Amino acid sequence: MNVDARGLVCPQPVILTKKALTDRPAAVDVLVDSVAAIENVTRYAIAMKYNVEKVASSDGEYILKLSK
Amino acid sequence: MFKEKNLVILTGFVIGLAALILVAFGNPTNMGFCIACFIRDITGALELHTANGLQYARPEIFGIILGSSLLALLNKEWRATSGSAPVLRFVLGFFMMAGALVFLGCPLRMVLRLGGGDGKAIFALLGFTGGIALGSFFLNKGFTLGRSYKQKTVDGIVLPIIAIVLAVFSFADLIGDASAAKHAPFFLSLGLALIVGGLAQRSRFCMVGGIRDYILFRENRLFLGSLTLFLTVLIGNIILGNFHVSFTTDGSIWFFLSMALVGLCGVLLGGCPLRQLILAGEGNGDSAITVFGMVVGAAVSHNFSTASTPALVKTGGKIEIVVGLIIVSLIGYVIISKQNKEVI
């Protein structure tokens, strides 16, 4: 399952992540392109007891790999 | 996580301290920092309105934008982006300013006024919270102004360059009428604002975000920054003998509604007036457009006498607030009702 939060201002990346985590899926990839979004999504995912791995994609874009 | 929280708390403390210092050195009462008032004064300095005493190109605004730019550059976060519904952002910026000029203060100054003992700000805070709650409802229903996209670097440096040019003009006394406006020394204002801008860029300090994130996620990180700001100013004013309790219910409904408008616009825009300046400094063109909307909002508020005076909320201002609340709510409603049919 993927969330594309590129180009969205906070708190929208977190809201999309929150919705994606509603049914507690095993893994979700969140695509982001701002440091604020990386920080906010990571903080929320950790609070929801998910592990977060940050993978650089391209040109300032990152994939946050959320897993239980 | 602990470090992030401390940074927000530090930002709230430094803004409060800087506000106390700037008032002690000449800024108007409870107006150490007020993003709306200072943008209004810059608008006046550019003669887009001619309200006497409100025509000083305040260096605080330029310092905040440039402090944010510098820190974003240092941390490689500076990035020219835009394209997220710029016209709607202009309109929301316009009404955010209109609301702030009926209450006479942005969310920052609302807290500074509370910390100075001004009881009217309690109604404003209640309204602000209500506006944020309504905005959060729209966000939960899928409200979005859409994505922004990477732009040419030159697009992102327009506002920072304007800030530098106007700061030079202001220092050289080429624009406005500094002598008619109460103000702290130029370099003290600029220097403290650079620090505030840099810290707020790092910590993402936001007056709207504090309440919004608590409503949406039960997260108190940004709220702790606002709370620290309030406590710093409260304690500082008591020590300095500037804490004077005043309370009247006159006009309370209008302070409530005007700050509800500011809170609602702030949530839909993704941040309070201070946060818009910080984002614009980071190269966000959508926030730069929002700032231009605020400038036009200030010009209209004074040219058409809808801005309040400390003693009086004007009829035009009341009409503007009601119209603003209807228009902004409609923007929210239309976007969420179309949300499922349009791709983000």
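Residues are numbered from 1 along each chain as its sequence is written, while chains are lettered from A and ligands numbered from 1 in the order in which they are written. Because the model is predicted, local features need pLDDT of at least 70 and side-chain atom pairs count only at pLDDT 80 or more, whereas totals for chains, interfaces and linings use all residues; side-chain values use heavy atoms, with hydrogens and water left out.

Start at the interface. Chain A brings 22 residues to the contact and chain B brings 27. Contact here means heavy atoms within 4.5 Å. Together the chains bury about 2,000 Å², with 49% of it on carbon and sulfur atoms. Buried area is the accessible area (1.4 Å probe) that two parts lose on being put together, summed over both.

Five salt bridges cross between chain A and chain B. The rule asks for a side-chain nitrogen of Lys or Arg within 4 Å of a carboxyl oxygen of Asp or Glu. One of the five pairs E4(B) with R43(A), whose closest N and O atoms are 2.4 Å apart.

Which elements of chain A supply at least two residues each to the side that touches chain B? They are α1 (12–20) and α2 (35–47). Helix α2(A) gives the most, with seven residues. Helices (H or I, at least four residues) and strands (E, at least two) are DSSP runs, numbered from the N terminus. By class, this side of chain A has eleven nonpolar, three polar and eight charged residues. Ala, Val, Leu, Ile, Met, Phe, Trp, Tyr, Cys and Pro count as nonpolar, Asp, Glu, Lys and Arg as charged, and the others, Gly among them, as polar.

Now the pockets. On a 1 Å grid over the protein atoms alone, a pocket is an open set of points where a 1.4 Å probe fits, with protein on both sides within 12 Å along at least five of seven lines; lining residues have an atom within 4 Å of a point. Grid points are joined across faces, edges and corners, and a volume is the space filled by probe spheres set on the points.

The largest pocket has a volume of about 900 Å³. Its lining counts 41 residues, and S34(A), V35(A), A36(A), I38(A) and E77(B) lie nearest the centre. Helix α2(A) gives the most to this lining, with eight residues. The second largest pocket holds about 780 Å³. Of its 44 lining residues, P28(B), T29(B), M31(B), R109(B) and P310(B) are the closest to the centre. Helix α1(B) provides the largest share, four residues.

Over all chains the structure holds 15 salt bridges. Among them, R58(B) meets D41(B) at 2.8 Å, N to O. R58(B) sits in the loop between α2 and α3 (59–74) of chain B and D41(B) in helix α2 of chain B, 17 residues apart.

Two backbone features close the tour. Most residues other than glycine have a negative phi, and most peptide bonds are trans. C10(A) and P11(A) are joined by a cis peptide bond, with omega about 10°. P11(A) lies in the loop between β1 (2–4) and α1 of chain A. K49(A), not a glycine, has a positive phi of about 65°. K49(A) belongs to the loop between α2 and β3 (51–56) of chain A.
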